[in-house]
Amino acid sequence: MSTTARPPTTDVVLRITGMTKRFGATLALDGADLALRHGTVHALIGGNGCGKSTTIKVLAGVHRADAGRIEMAGSAWSAAEYDARAGRAAGLRFVHQDLGLFPELSIAENFALDAGYPRGLAGRVSWTALHRRVAGLLDNYEIGASPATPVAALRPAQRTLVAIARALQDQESDRHLVLVLDEPTATLPQHESRLLLDAVRRRADAGQTVLMVSHRMPEVLSVSDDFTVFRDGRTVASLVAARPTEAELVAHMTGSADAARAVVRPQPASGPAADAGRGDVVLDVAGLAGGPLRGVDLQVRRGEIVGLTGLVGSGRTSLLKTVFGEHAPAGGNVRIASDRPAGDAAASVPARIAGGVAYVPEDRGGEAAFADLTVRDNLSATVVGRYWRPWGMAVRRERADAGALIRSHAIKASSTEVPFAALSGGNQQKAVLARWLRREPALLLLDEPTQGVDVMSRADIYRIVRETAERGCAVLVASSDQLELCGLCDRVLVLRDGRVAAELSGAALTADRLTALTQSTETTAGPVPAPGDR
Amino acid sequence: MSLTSTEHVDTGPADGPDAGTTPPGTAASPSSRLKGLAERNALLALLLAVIAFFAIYPESSDTFFTSSNASVLLGNQSVVALLALAVILPLVTGYFDFSLGAIAATSSVLTAGLMSFSDLSLGLAIAVGIGVGAGIGAINGVLVTRFGLNSFVTTLGMATLLGGLIQWYTGGQTILAGIDPALPRFGSATWLGLPRVVFVVLLATVALWYLLSQTPFGRSLYAIGSNPRSARLVGVRVDRSVWTTFVLAGALAGVTGVLQLARAGSATADNGTSLLFPALAAAFLGATAVVPGFFNAVGTIIGVLFVSVAVSGLTLSGASAWASPVFNGAALLVAVGLSHYLGRHRGVGTG
C-alpha cells in the first residue's frame, strides 16, 4: 500500500482504536482504527464483510465489541463499558438506510414522536409550538415543505433530510453532535442522491461532523474529506483531506491494483457484441400503455443488452413488470419470440416464465428473497418441477446442482443448506440471478441489478450478465446508475412522460448525455407524489 | 450462524444412479450438524422421556405402560391428530383456519343427521359430510384469497356461524338413533392390536408428508409461507395454491368429523372448539421438530403424541380434570417460545 495509516491528531471528535469483534468462528473486526475530524464528511468504505457494518453497530450499541477503545467528546470507554446510552450521551446520532419515518404522519409528528410533543394547558398537545419549532428546522435544513406535510408526499431525498434533521434536532450551539449515515443513498435514484449529498456537504461546511458508509464510489468521492478503508476487519488505509481516485480506493479495498481496474466500472462491450442489429428480435413492445406508460415502443434483439433509464415515476419498473406479465397492460402489444411456445399466450407470470422470460426485481427483500428458506430452496424456486419423480423430490441431485451454481456464480455461502438471509446483499443478488439463469432464459429483465451491492459482487454481476448476452440472451436493464448503463449496455433508452424519449448508442452513449436527457424536463423544487412505482 | 443444518426435506428416498455426489463446501460442519440433529429430534426425545417417566412412576406404572392404555390413547387421539394435520395445511402458507374444528363438528352432525333424520345410506352420508367440509373450505379460501379478507377473522366468523347452524340442525340434542351400526363398529375395531382409526391417521400423515415435502406443489406452499410476493414472481399461482390448502384442510376436517362419529357412536351438538385448540397446539409443537421452524406432518403427529401421552400419564397418576388444558396451554406457550428463541419462527401472517 502506498498510503500508510496516518491517524490525524488535531480536532478529533471520535476515535476508535483496536476494535475487535468475533462472531462465532468469524472475526468481523480485527483491531480496526477510525478517527473522525470535526466538521468533515468521513467515508467508511470496504467490500462486503469488511467490518464496516459491524463498526456502525458497535457504535450504535447493537453489538458489544470484544476489545478496543472508543473516545468521544472528552470521554473514553473500553469496549466492554460502551453501550447505546453512552453513544447517545456523547452525541452520536444515527440515520439508517431504513429511515424509521412514519410515512402517513406529518413531518411535525415524526419529529415529535422522537423528541416528545410540546404540551400546553392541561397536558394538551401544543400544535402551534410544535409546528413553529419544526418549521424552523425545515428552514434550517432547506427542506421545502411545511410541517403539516405527510412524509409520504416528500421526494426521497427530502425524506432522508427529514430523518437527518430529526436525528439532529437536539443539537445546540454548545453541543456538537456526530451524524452517522448508513448507506444513505442506497435506495435513491442518482439525481436524488445528488440533492441529498449536496445538502450533507453544506451541513459539513457549516461545521457538522458526518460519518458515512456507502457502496457508491463516485458519490463517496464527491462528498468526503477523509476516507477510512476496511479490509477483513482491519484498517488498511486512512486518507486525510485527500482526493483519491476511484481506482485507488478500490485497490485498497481489494488489496490489488490489477483487480481494481477490472472492478470499478464495466468496460464497454467490444468485438462481435458491438455490431448492432445482429440476431432476431426477441422482445417487441408496441404502443404499450398502462400505469405511467403512455405508448412505449421498443425492441430487444438476441445477444443485445439494452438499458432503460428515466426519473422516478417514468415507468421503468412498470414496463418490466408488464413485459413479465405481472401487470396487465391497458393497451398495446408485448410480443416475445423464443423457441418456447408459451411466449405469446395470455400474459400471466407463469406463461411468461414458460416462454423463456426471467425477471430480477428491484426490491430484493420484498420480491425475490425467501429469507428463511435455504439457499438451495431459493436457487431451485424457478425449476422445482425438474426435481420431482413419483417417489419424491431428488434432493441430493438438487443439492449438487445448487452447489455447482454457487461455485459458477461465485456466491459466498458456507453451505447450500444455510438460510438465504445469512448471505450478504451482493451474494443474495447473485443467487437470485443464478436462479433465473439456470433456466437459460431467452429474455432477461433486470431492475436495478446492482442496488445495495458491493463493488466486488457488482463486477461479478456485470461479468455474468455479459456472458449471458454472449450466449444469445436478450437483456433489458433498468437502472438509475448512468455510469453502469454506459458501461454495460449496447444502447440505452430514456423513458420520459411514459414514452421512449431518446435512444443513445455507440459514441453518443455517455453518462453526461444520459443525465441531461433524463433530467431535461425535471422540476427541481417542491414535493412530488409518493412514488409507488418507477 | 450455528443453526446451519436446516434440512427442508431430509427424509426423502435416496436418489438413483443419477445422483451427483455432494460437492465440497456444501456440507455443514460436524458440530452444527450434530446440533441440528439434536434440534430436529428434541421433541421425539422428550416424548420418549415422558413415556419412560410414567412407566416407572409408581402412581401410574401399573396402568400406563399397558397395551390397553396405548390402544385407548391412540384411538382417542386419532381425531385430534387428523384435525392437527388439517390445521397445518393453511398454516404452511401463512394463513390461519380457525373454522376447522367447527367444520369437523358440522361434518359429524351432518353425517349422523342424514342417516338419522333423512334415512340416507352410510356411504352417501359420509360423502356429504366430507363434501360439505371441502365446500366450506372453498368458501373460506375464496374470501381469503379473492377478496383478501383477514384469515384470522374470516375463519373465526365462519366457526361461529357453523356452531349456530349445528345448534339449529340438531335442536341442541345429541343424535344417537338411526346411525348405521357399521360406522361405530369400524370406530371400535382393532387391527394388528391397534384401533383401526389409527391407520386412517397413519395414511393421512403419509399422504400429507408426501404432498408437503415430496412434491413441487408442497415446495411452492412453503415458498408462499416465506414470501408470497417472491413466490408470485417465480411463477407460483399463489391465490390458487392457498385456496387449494383451504379446500384440502376442509375436506380433511370433514373426514375428522366422520371419524369422531365412528369413535363416539353419536354426534353431539358441539361447536368443535374442544378439538381445535389441542390440534393447534400440536401443530405449533410440531413446527419445532423434524424440520424445525416449519410446519410439517411428521412433527405434528409427534406433537399430538407428546401432549396426549403426558396428559394420560398425569390423569392416571391421579391429576384432576384441569391438568389436561393446563398442560396443553403450557406446552403451546413453550413450543412457540422455543421456536421464537431458535430465531427461525417466521411469524405466521394473518392474511
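The following legends describe close-up views of a predicted model. Local features need pLDDT of at least 70 and side-chain atom pairs count only at pLDDT 80 or more, whereas totals for chains, interfaces and linings use all residues. Residues are numbered from 1 along each chain as its sequence is written, chains are lettered from A in the order in which they are written, and side-chain values use heavy atoms, without hydrogens and water.

**View 1. Helix 3 of chain B, residues 67–92.** Helices (H or I, at least four residues) and strands (E, at least two) are DSSP runs, numbered from the N terminus. The 26 residues of helix 3 reach 35 Å from first to last C-alpha, close to the 38 Å expected at 1.5 Å a residue; the expected span is 1.5 Å times one less than the number of residues. A kink of about 40° is centred on B:Ser78, the bend being the angle between axes fitted to the seven residues ending at a residue and the seven starting there. Because 19 of the 26 residues are buried, helix 3 of chain B is largely enclosed by the rest of the structure. Buried means under 20% relative accessible area, exposed over 50%, and partly exposed in between (1.4 Å probe, protein chains only). B:Gly94, with a positive phi near 95°, follows the helix.

**View 2. Salt bridge between A:Glu326 and B:Arg232.** A:Glu326 lies in the loop between helix 10 (316–323) and strand 14 (331–336) of chain A, and B:Arg232 in helix 10 of chain B, so the pair joins two chains. A:Glu326 is buried at 17% relative accessible area, whereas B:Arg232 is partly exposed at 37%.

**View 3. Salt bridge between A:Asp460 and A:Lys430.** The side chains meet at 2.9 Å, N to O. A:Asp460 belongs to helix 16 (residues 455–470) of chain A and A:Lys430 to helix 15 of chain A, so the pair ties together parts 30 residues apart in sequence. Both A:Asp460 and A:Lys430 are buried.

**View 4. Salt bridge between A:Arg202 and A:Glu142.** The N to O distance is 3.3 Å. A:Arg202 in helix 6 (residues 190–205) of chain A and A:Glu142 in the loop between helix 4 (127–140) and helix 5 (156–167) of chain A are 60 residues apart. A:Arg202 is partly exposed at 41%, and A:Glu142 is exposed at 53%.

Note on methods
Salt bridge = Lys/Arg side-chain N within 4 Å of Asp/Glu carboxyl O.
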